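Please load the model in your viewer and keep the selection panel at hand. The stops below go from the ligand to the sheets and then to a few loop residues.

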Amino acid sequence: MTTATLERATPPKIRQTRLLINNEWVDPVDGGSFETLNPATGETIAHVAAGTAADIDRAVKAARRALTSGPWSRMDAADRGRLLFKLADLVEAHAQELAVLESVNCGKTITDSVGDMQGVVNTLRYYAGWADKIEGKTVPVRGNFLSYTLRQPVGVVGQIIPWNFPLLMLAWKWGPALACGNTIVMKPAEQTPLTALRLGELAIEAGFPPGVVNLINGYGETAGAALVVHPDVDKIAFTGHVDTAKIIQKAAADTLKRTTFELGGKSPNVIFADANLEDAVAGAFHAIYFHGGQCCTAGSRLFVEDAIHQEFVERLAEKAKQRRVGDPLDARTEQGPQVSQEQLDKILGYVKVGEQQGATLLTGGERVGQKGYFVSPTIFDNVRDEMTIARDEIFGPVVSVLPFKAFDEVAERANRTFYGLAAAVWTKNIDKAHTFAKLVQAGTVWVNCYHVVDTTTPFGGFKMSGQGRENGEAALDHYTETKTVTIKLS
Ligand code: NAI
Ligand code: MG
């Protein structure tokens with residue numbers, strides 16, 4: 001599929017809105033539902049079943065049964081891999097339909113949704129390949145014993161995901177969990193429940209046995225919180241806001257659940273005067289405006305060396321004014337709406353604060369149109385480190401430009417945040433690039449590029465941007481328990 005053939009694609013029919021428990025589509029115990037909207041219009045797409053604690057309990061029981069009895073518990077690792085390969089093939093075969101559905105529910109441009117679907121396929125295939133390669137060790141212990149380790153699934157895992165990359169976040173969490181033999185109860189974001197439901201259908205079609213993947217849509221404070229405190233859930237994997245992660249970590253303490261977190265950021269993007277200016281402008285632009293800034297790795301603190309500062313911001317502003325903001329289903333659109341009224345209000349609130357605190361609003365800062373949740377690409381210049389817009393995650397198309405003079409200064413200022421997800425540096429000087437990469441506190445560092453995320457490399461945060469790593473081999477550590485077996489030899 002190419003985006004050119006997708007010019008204003010027709011929104012797909014909504015096939016499934018219920019809860020998925022034990023491979024059956026069921027109504028929630030209390031019969032509740034919530035509206036899911038199209039952020040480009042603010043109109044309702046569908047009413048989706050809202051799960052509560054009683055539904056979480058049913059799903060956890062199904063996941064536990066699948067883990068301890070039934071075909072999944074006895075399945076060869078290679079066959080788990082085959083199921084994941086099958087699911088990847090099904091996603092690939094339905095990529096166009098899924099991409100349109102993602103754009104309609106989440107507001108991302110169809111071009112970005114098509115990219116996400118490729119990421120989903122890549123992720124599922126990558127972890128499918130791992131399934132029969134997760135090995136223990138034999139260990140040379142003292143004495144006449146044979147000791148070896150087994151790497152076994154953690155158990156029933158609760159996965160809570162956000163709305164900015166709905167299906168890609170699902171794949172990042174399903175892939176390693178299933179490769180390692182866990183069973184899953186997932187709570188998708190209440191803003192974007194639809195593509196996960198479609199994946200539930202495809203998982204059944206791929207042949208995953210009952211109870212292996214369960215989907216409970218609903219609100220964080222009800223369904224999500226119930227998953228976190230459930231005594232029979234072994235682990236919580238969460239992506240979302242830092243404050244939510246704090247609530248989850250506290251709530252998970254009572255049952256000492258394993259937790260992994262992938263949280264926000266305020267990522268420094270550092271442009272040295274010796275960079276290729278053309279590439280750096282394009283890169284800084286992509287760093288902040290990709291998916292309307294609704295990206296945990298968004299390059300929202302743009303440090304620009306004094307010598308090129310003026311020219312740099314002029315070129316950036318020129319590009320920002322030309323960005324095509326509009327209907328996400330139009331293949332020519334470069335930026336869709338923000339996901340919700342709540343996000344729109346939050347972003348415009350930060351614009352006000354930026355102006356009040358004395359930053360220079362170069363361009364943007366306004367709602368676009370009266371329908372939907374569109375925001376114009378926004379640049380604040382002459383921002384200082386202590387300003388709110390340089391500290392808080394705005395999660396919108398708002399960049400803070402922070403001028404700097406010297407390497408040591410910027411290396412220190414880049415780390416002046418409690419976040420540590422990503423960072424980038426633009427320079428032709430190899431010493432500067434590697435030294436910055438070493439000094440910056442971030443789980444991912446890009447040199448002369450931005451937002452290059454591949455399923456094969458570990459992804460996660462230093463400091464309050466997270467705990468643990470997703471993607472790559474690293475994710476497998478968080479979905480396995482290591483067991484030591486020692487045998488007395490006579
Ligand atoms: P959130 O952290 O509240 O939501 C993420 C997920 O957590 C959703 O599925 C939600 O239902 C669930 N959740 C919420 N409260 C919960 C609780 N008490 N227990 C269990 N699960 C709970 O994020 P929200 O409100 O959607 O967005 C607010 C801000 O969070 C954004 O403006 C952005 O700054 C940040 N964010 C960061 C993301 C990232 O990729 N790191 C993704 C989405 C949001
Ligand atoms: Mg929230």
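Which element gives the most to the shell around ligand 1? Select helix H8 (220–229), which gives the most to that shell, with four residues; helices (H or I, at least four residues) and strands (E, at least two) are DSSP runs, numbered from the N terminus. Before going further, note that this is a predicted model in which local features need pLDDT of at least 70 and side-chain atom pairs count only at pLDDT 80 or more, while totals for chains, interfaces and linings use all residues. Residues are numbered from 1 along each chain as its sequence is written, chains are lettered from A and ligands numbered from 1 in the order in which they are written, and side-chain values use heavy atoms, with hydrogens and water left out.

**The ligand**

Stay with ligand 1 and display the residues around it, where a residue is near if one of its heavy atoms lies within 4 Å: of the 29 residues there, Trp163, Glu190, Thr244, Lys346 and Glu393 come nearest. Next, look for pairs of N or O atoms within 3.5 Å, the cut-off for a polar contact. A polar side-chain atom of Lys187 lies 2.9 Å from an oxygen atom of ligand 1, and an N or O atom in the side chain of Thr244 is 2.8 Å from an oxygen atom of the ligand. On the backbone, a polar atom of Leu263 is 3.1 Å from a nitrogen atom of ligand 1. The protein covers 92% of the 810 Å² of accessible area that the ligand has on its own, as given by the Shrake-Rupley method with a 1.4 Å probe.

**The sheet of seven strands**

Now select the open sheet with the order E14-E17-E18-E13-E12-E19-E20, whose pairing is mixed; two strands pair if DSSP finds at least two bridges between them. Its edge strands are E14 (360–363) and E20 (444–447), each of which pairs on one side only. Within this sheet, E17 (378–381) and E18 (398–404) run parallel and are joined by three bridges, and the bridge partner of Ile379 in E18 is Val399. Helix H14 (407–414) packs on the sheet and touches E12, E13 and E18, its direction making about 145 degrees with that of E18; contact means heavy atoms within 4.5 Å, and the angles, which run from 0 to 180 degrees, are between N-to-C directions of lines fitted to C-alpha atoms, for helices over the stretch in contact.

**The sheet of three strands**

Move to the open sheet E5-E6-E22, where the pairing is antiparallel. Strands E5 (138–139) and E22 (480–488) stand at the edges with a single partner strand each, so one side of each is left without a neighbour in the sheet. Nine bridges pair E6 (145–153) with E22, and Ser147 has Thr486 as its bridge partner in E22.

**Loop residues**

Finally, select Thr333, in the loop between H11 (306–322) and H12 (341–356). Is Thr333 buried or exposed? Thr333 is buried, with a relative accessible area of 9%, where buried means under 20%, exposed over 50% and partly exposed in between (1.4 Å probe, protein chains only). A polar atom of the Thr333 side chain lies 2.7 Å from the backbone oxygen of Asp327. Then go to Asn23, whose phi is near 65 degrees, a positive value in a residue other than glycine; at 19% relative accessibility, Asn23 counts as buried.

Key:
A polar contact is a pair of N or O atoms within 3.5 Å; within protein, one must be able to donate a hydrogen and the other to accept it, and residues adjacent in sequence count only if both atoms are side-chain atoms.
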